[in-house]
Amino acid sequence: MTEIANYDYAGLAQGEINEVRAAAERIRVRMKRTTEDIVAIGLDLIAVKERLPHGAFLPWIEAEFGMSRPTATRFMQVAEVYRDKVFTLNNLDPTVLYELAAPSTPSEVRDAVEARTEAGEAVTAAEIKRMKREIAEERARADHAETQADDLKDQNRSLLEGQSALIERAKADALAEVAADLSAAQEREEEAEQRLQEETARLVELAENAEVKALEAAQAQADGLANEAYSKLEAQASKAKNEEAAARKSIERLKQNAERLRARVEEHQAYLDDLKNADIEARGLVEDIAALEEKIPDVEAALRVIWSSLQDIDCDHEPSLIKRANAFAEHLRQVAVQMQQVATDLETNIKPEGPKMQVVSGE
């Protein structure tokens, strides 16, 4: 592999030039082509291809490494397929990796080789090609079997179509027979329909006649029942009016009795009120009499004092004293008369009038 050092980086920015040249340096170091290096080289090639302008990738790999397109493609295919399985396939020969990563390699072959590699077996590119060939032959046989199956399906379809034609003809014949039977049945049905219509008309006429008679009988019966019910209602209404009049009279009597009872109750209540007031007045009178009775001994004592004093007084020389004594005696007589009237009223249950006492003049 001859290095060509005259690649023109003038079309790239300085940052892209630095990144691409760094990738070139890493690729040169990894040209030992171990599995890990192949994957790393492929990843760098993928990154550079995405960064370079369209059509610049091939001149770049030729200028930097003297690498052909198929070689770069194999590196990138390995990186795309095994970027996450580097350590698993680290001991594989590069040709085996290229064969495994090729787009023509089925996933079954890759899985089988990876399993054998993990188990410590050595797998060659020839074996991978043989496995791919066997799988291709198996798929060809499967395709052939599928083609034969399709042919059988076509033959069966043809047979079915022939049978379908026979069935269709049988159906047509059967339908013709059924149509004839249906036609005959339709004629019989029409005849039966005609007879049914005639019988229906006859029955309708009979029903109408019977209905008229039934309506007349029902009307007569209804009229009789209505007249009887009307008579009963009139009798009930008359009875109800009489009962209403009697009830009104009874209510009026009850009202009058209630008024009289209310008047008697009011009179009785007034009587009770009078008794209550009389009892109160009687208790007051008793208290007044008791008070007077308590004063009688004082009056008697005063009279005795006056009497004893009169023994020593010359009445001819004291006419005013005699006049005052007579006035006081008259006053006592009036009090006695009024007390007698009170006692009489109490005996006859007559409410006594208030005492009409005259004040003794000091003259």
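These are my notebook entries on one protein chain, taken from a predicted model.

**Ground rules.** I number residues from 1 along each chain as its sequence is written, and my side-chain values use heavy atoms, with hydrogens and water left out. Since I'm working from a predicted model, local features need pLDDT of at least 70 and side-chain atom pairs count only at pLDDT 80 or more, while totals for chains, interfaces and linings use all residues.

**The whole chain.** I looked up the secondary structure and got eight helices and zero strands. (Helices are DSSP runs of H or I with at least four residues, strands are E runs of at least two, and both are numbered from the N terminus.) Along the sequence, that reads α-α-α-α-α-α-α-α. Of the 363 residues, 18% count as buried; buried means under 20% relative accessible area, exposed over 50%, and partly exposed in between, with a 1.4 Å probe and protein chains only. The chain exposes about 27000 Å², and carbon and sulfur atoms supply 55% of that. (Areas come from the Shrake-Rupley method with a 1.4 Å probe; for residues, only the protein chains shown count as cover.) Next I checked contacts, meaning heavy atoms within 4.5 Å. Among those between residues at least 6 apart in sequence, 63% join residues at least 24 apart.

**Helix 3.** I went through residues 57–65 and found Phe 57, Trp 60, Ile 61, Ala 63, Glu 64 and Phe 65 buried. Seen down the helix axis, these buried residues fall within an arc of 165°, so they line one face of helix 3. (The arc is that of the directions from the helix axis to the C-beta atoms.) Just after helix 3, I noted that Gly 66 has a positive phi of about 65°.

**Lys 132.** I found this one in helix 7. Is Lys 132 buried or exposed? Lys 132 has a relative accessible area of 13%, so I put it down as buried. Leaving out residues up to four places away in sequence, Lys 132 touches Glu 99, Ala 102, Ser 104, Thr 105, Pro 106 and Val 109.

**Second largest pocket.** A pocket here is an open set of points on a 1 Å grid over the protein atoms alone, with protein on both sides within 12 Å along at least five of seven lines; lining residues have an atom within 4 Å of a point. I counted 14 lining residues, and Leu 292, Ile 296, Val 299, Leu 332 and Val 335 lie nearest the centre. Helix 7 (125–310) and helix 8 (319–347) are the elements giving two or more residues to the lining. Helix 7 gives the most, with eight residues.

How values were computed:
1 Å grid on protein atoms, 1.4 Å probe; cavity = no way out; pocket = protein on both sides within 12 Å on 5 of 7 lines; lining within 4 Å.
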